[in-house]
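Subject: Structure handover

Hello,

Here is the structure I said I would pass on. My notes on surface patches and backbone geometry follow it.

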Amino acid sequence: MVQRALHPATAAVHAGRPAGAGMPLSPALVLASTYLADGAVDYGRGGNPTWSAFEEAVGALEGGDALVFASGMAAISAVLSLVPLGGVLVSPESAYSGTVVLVDELQTLGLVQARRVDVTDTDAVLAAMTGADLLWLESPTNPLMGVADLATMLPAAADAGVIAAVDNTFATPVLQQPLTMGADVVVHSATKYLSGHSDVLLGVAVTATTDRGRDLGGRLATHRRGHGAIAGPMETWLALRGLRTLHLRIERATTSAAVLVARLSEHPAVTRVRYPGFGAMVSIEVRGDAAAAEAVCAGTTVWVHATSLGGVESQLERRRRHPLEPGDVPENLIRLSVGIEDVDDLWWDLDTALRSI
Ligand SMILES: *Cc1c(COP(=O)(O)O)cnc(C)c1O
């Protein structure tokens, strides 16, 4: 039979499914710490059949070899450990706060030398790569929606011998596949869109199948086993179940996001709309201060006031309410994660809350 690369919509539905007569359509949820001796896996910190099913599916979507981790941060921490002691890490000055804080900590401990870059400034990123060990990118960035020119930066990193890693949480493999553009590693907070139902914490790192002999996947698997940053089988099973509808959720949410962006851009209570032109994440700045933005978040009834994103339910939050959120995020910025509800209900609810300030 001729094999062909399947479209993401097909891979999302079928990848990782058990094969063979009499097998269940859905992979088994294997709850086991220990396996009978002499098999491929002997202890649960090294592997799990439910992990393998999820990894096969995410790997098919991103076009690489996936490893599931306990959370997005566990995956990010593992990838940053690829920087040799005291080595140079190029990383975004503005990105997901957890990553910014972790890089600060590694720098303070003297484990890495961090070079901060504005990921929207391609020349600055290219210049910072000289002599670097690892380039960490996030695009679009959380929550300022900065977009990195991955098509230019990733091949340049490969030419310079710099390991290139991309946090693809906001775009998902439905909209952006960095490995096809030359990245060595892609990371997700699978807590967000991949699982999609706000009921699990999970992370994943996907390495390029051809990684110039560096065995990054092997090193990340060793890190996962040794540091114990392992995913629960139940969480992994739920994430795979959620992943089956990723393409539909993204299709719906991105269509609604575009409609909302057009209307928000005309709204008298909104001074700025940050939208990369794709995806379902949007940040707005409201007329007024932090209190005005908090009032909007408290004033919705359909949109959920909560700190995460990528779920079926629309969520909103003023990011600066978190003490660790970087200071370049405006006080009046509200991050919107557009869900899959009816877009007119979303608009009515948001418009009502915005008009109240
Ligand atoms: C949430 C998030 C993370 C962290 O993931 P956890 O699963 O919460 O550990 C990393 N990167 C981005 C872009 C995120 O939004």
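A patch, as the word is used here, is made of residues with over 30% relative accessible area and no salt bridge, with nonpolar side chains joined within 5 Å and like charges joined within 9 Å. Please keep in mind that this is a predicted model.

Surface patches

By that definition, L29, L31 and M234 make a nonpolar surface patch of about 280 Å². One of these residues, L31, sits in the loop that runs between α1 (8–14) and α2 (49–62). The relative accessibility of L31 is 64%, so this leucine counts as exposed; the cut-off for that class is over 50%.

There is also a negative surface patch, formed by E93, D118, D121, D123 and D328. Among them, D118 belongs to the loop between β3 (112–117) and α5 (122–128). D118 counts as partly exposed because its relative accessibility is 32%.

The loop between β4 and α6

The peptide bond joining S139 and P140 is cis, with omega at about -10 degrees. A cis peptide bond also joins N142 and P143, where omega is about 0 degrees. P143 is in the loop between β4 and α6 as well.

M145 is another residue of the loop between β4 and α6. Its phi is near 65 degrees, which is a positive value in a residue other than glycine. Is M145 buried or exposed? M145 has a relative accessible area of 6%, so it is buried; the limit for that class is under 20%.

These points are listed because most residues other than glycine have a negative phi, and most peptide bonds are trans.

The loop between β6 and β7

Where does S198 lie? S198 is in the loop between β6 (185–189) and β7 (203–207). S198 has a positive phi too, near 55 degrees, and is a residue other than glycine. With a relative accessible area of 43%, S198 is partly exposed, whereas M145 is buried at 6%.

For a first look on screen, I would list the cis bonds S139 to P140 and N142 to P143, then the positive phi values at M145 and S198. The two patches can be found from L31 and D118.

Regards

Definitions and conventions: Residues are numbered from 1 along each chain as its sequence is written. This is a predicted model: local features need pLDDT of at least 70, side-chain atom pairs count only at pLDDT 80 or more; totals for chains, interfaces and linings use all residues. Side-chain values use heavy atoms; hydrogens and water are left out. Accessible areas come from the Shrake-Rupley method with a 1.4 Å probe; for residues, only the protein chains shown count as cover. A salt bridge is a side-chain nitrogen of Lys or Arg within 4 Å of a carboxyl oxygen of Asp or Glu. Lys and Arg count as positive and Asp and Glu as negative; His and the chain ends are not counted. The place of a charge is taken as NZ of Lys, CZ of Arg, CG of Asp or CD of Glu. Helices (H or I, at least four residues) and strands (E, at least two) are DSSP runs, numbered from the N terminus. Buried means under 20% relative accessible area, exposed over 50%, partly exposed in between (1.4 Å probe, protein chains only).
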